[in-house]
Structures are given as structure tokens and as C-alpha cells.
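The following paragraphs lead the reader through selected features of a structure. Please keep the sequence and the model in view while reading.

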Amino acid sequence: MTTGHPELISAISSEIVQNGPIPFVRFMERALYHPQFGYYMRQPDSAEHERIGWSGDFYTSSDVDPILGRALAAQARQMDHLVGCPTPFTIVEMGAGKGLLARDCLAAIYAEQDDFASRVRYVLIERSPAMRSLQGQNLAPWLSKPGLITWLEGLEGLAPESVTGLFLSNELIDAFPVHRIQVKDGRTEELYVDYRDGHFVDCLKPLSTDALAQYLEHLNAVWPEGYRTEVNLLAMDWMAQVARRMDCGFVLTIDYGHTAQDLYGPERKDGTFLCYSQQRTNEDPLIRVGEQDMTAHVDFSSLAAVGETQGLHVTGFTNQMSFLMGLGAEEMIGELEPESPEFYAAIQLLKPDGMGSTFKVLVQHKGISRPELDGLKFKPFFGSALAVGANG
Ligand SMILES: C[S@@+](CC[C@H](N)C(=O)[O-])C[C@H]1O[C@@H](n2cnc3c(N)ncnc32)[C@H](O)[C@@H]1O
């Protein structure tokens, strides 16, 4: 049964009635990012819970504990040396949500009161006006520093080869709309959304774009009947665009995700698509339309491959636990009161059977030769693991 935000349901259903069934990727784009009614775009009204946070639909590492922000500050400081201590060293964070990671990272950078702090500029790229307003609130103490923080609505606001520094994102790409596909009668078809008798329903149709067919060809996977998965073409486009905007420095991407071999392996036969509402997951995007988040895990192999074509080289690929340990998480946790809530929160980010391993960290570089980074000291997924080709 279709439920959700009435005006959003009406906007999507009118589009379907007028033009016929829409690819799922279009449905997800409207549900999350419709300019007026989309889940991320509108200001939650007083009857609604917040989107991100402990009392929201889901929480991220940024909500759990400041050690991720502190570790990123330490990593940025090392990157600054590797790119020759430029003025400014620009940190671009895209999809910053409530701005907590930026807040924690800036607090750690300024705690040192050194030359690095005086050269840092922080650019936030955020599509959602509601999120931009939360970022403004959470970053209020930093706004009085002239020129420190600026906002852009999209990547287009950054000129080509304009960034010397660090391009950062946490859980941005898993929030991009995805194509969903399924093997039926030996052929790979695409999931579409139709509107019948007052309800959204899904149906299978031939692939909507050549780009999708090419992606699948490149993956070269052999899947059994009924296999269902997702393809994030927007992530590939994003990677190419980010690479073009880098002059010299690093792209650091944290997200739920896997190598292509793992993501598209035979055991993941139902894909990774999930919806989040009030800290619970479900697999039905046709309910709570515009009132729940939707995500799918990231194919880091394809991201790395696109980066390589645009001059971004893989520095390393690891998980959140190893990344944090390499940047001194043990010492940071050692400073906390044992058994305190902060102690347990920090541990949660490292758990090998939880956030420590489900979140991966891909670091790429441009304009620097063979950099060594503390966050990549531990190398669980180095080397050929990122090679594309799900069966091999
Ligand atoms: C899952 S939230 C992650 C929030 C935050 N990074 C954190 O760790 O809590 C995804 C964020 O990305 C933003 N976003 C999604 N697509 C975007 C785009 N194309 N450009 C800028 N921001 C985008 C959303 O509005 C939202 O703020």
C-alpha cells in the first residue's frame, strides 16, 4: 500500500500517468530530492522526526563520536605537508548532512593553533536547503572566522583544477539514486515504477540506458535467475567530476561499500538496497514515499577505475577501523573515561563486526607521487582487490 508525503506522491504519480512507468532511479531521485517535497529537501515539519541522528531515521559515524572528525583532521594535517603546505589548504566536504563532521574536524584543527589552522578553508557542498540550515547552526562558532567556511549548492560551483587539499565525503554516495536490475528469463532487466489503482507498483522492463548496459558488460558478472542488485551510475559521473576539479591533493570517500567482486558476488543475490525509517530498515521503497531514507552500497572498484581515467590514483582502500587505528584512535580512546558513554560510542566506530568494517575508506591522489598516509598504515584490501570484474 502506497503511503507517504501526499504532495510528493501526487507529483510522482502525475509524472507516471503522463509519461508511463519511470525507471526506479527516477523514482528514488524524486522521493529523496524533489525540490519541494523530497525527503532530504524539505524542512521536517513539527510532527516529523529529524532525518539524521539518534532520534532520527538513521545515524551516521558523525553522530556517534567526534573521533572520526579528529582522525580526519590529523589525516588532513599530514596531507597538507605532502602537498607542500599551500595557502589555502582547501577541505571540500560534499553531502555534510548536519555538519557534525565539519564541526569536529575544525575543532581538532584549531585545537593546535598552528600554521595549518591559519591556512585551512572549508567548503561545504550541500544540495539540501534543510541540511544547509542545520550545518549553519552546528557550525555557528566558526562562522565568525572570515573566509573559513563557504557553501556551494553543487560541484558546478568549483572551477576545474581549483582544489588543492582534500575532497571529503561520508555517506554521500550511498544516498545517490540507483538503477535497480534483476535477472529474468536469463536476461538482465531494469526495475521500473508504475502507478496503478492509486498505488505505486514495480515492474521489469529492458534497460533504460546504454550506460547501464556498458557498466554491466564491464562487470562481466554471471548471475543466476532472480538475482537482483543496484548500479550507481551517478557515482561514476560524480567521481569523474570530482577528479577534474582537483589540482593537487586527495579525495577521501567513506561509505558503506565493497569491491565489485564482493558487491556483485553470487551470495549477495538480493542486492544491498535498504530503506531507513526511525532506526529500522525495510526493503520497500514504495511505502513512506518521501518519509524514509533509501540507500545502496557503493562499488568502490568502479569508482577507483573511473578516478584512474581522470588522473586520480588509488592511494589505498581500507575499512573505518583500520583507518581510525592508523590515525591514533587507540590514544584518543585512551583519553576517555573508561566505561563512559563516550568510551562506548568511540568503540562503536571501530567494531570489526559493525561500523568498523561495514564502512570503507577509499583514498585517491593527484599531483603527488606515491604518498604514504597514516590512515592507510593497515592495508586489509590493498592491491588487486579493487580490480573490476565480479567473477574474478
Ligand atoms: C546520508 S546523508 C550523510 C550526511 C553526513 N555526511 C553524515 O555523515 O552524517 C547524505 C547527505 O548528502 C547530501 N547530498 C546527496 N546528494 C547530494 C548532491 N548531489 N550534492 C550535494 N549534497 C548531496 C544529502 O542532502 C545529505 O545531506
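**Helix packing, ligand shell and backbone**

In helix α9, Ala235, Met236, Met239, Ala240 and Ala243 meet Ser302, Leu303, Val306 and Gly307 of α11; contact requires C-beta atoms, placed from the backbone, to lie within 7 Å. By class, this contact of α9 with α11 has seven nonpolar, two polar and no charged residues. Here Ala, Val, Leu, Ile, Met, Phe, Trp, Tyr, Cys and Pro count as nonpolar, Asp, Glu, Lys and Arg as charged, and the others, Gly among them, as polar. Helices (H or I, at least four residues) and strands (E, at least two) are DSSP runs, numbered from the N terminus.

The model is predicted: local features need pLDDT of at least 70, side-chain atom pairs count only at pLDDT 80 or more, and totals for chains, interfaces and linings use all residues. Residues are numbered from 1 along each chain as its sequence is written.

Around the ligand there are 19 residues, of which Thr60, Gly95, Gly97, Arg127 and Ser128 come nearest; a residue is near if its C-beta atom, placed from the backbone, lies within 6 Å of the molecule. This shell divides into nine nonpolar, seven polar and three charged residues.

Most residues other than glycine have a negative phi, and most peptide bonds are trans. The bond from Thr87 to Pro88, however, is cis, with omega near -5°, and Pro88 lies in the loop between α4 (67-82) and β2 (89-94). Gln278, not a glycine, has a positive phi of about 45° and is found in the loop between β11 (274-277) and β12 (280-282).

Conventions
Two residues are in contact if their C-beta atoms, placed from the backbone, lie within 7 Å.
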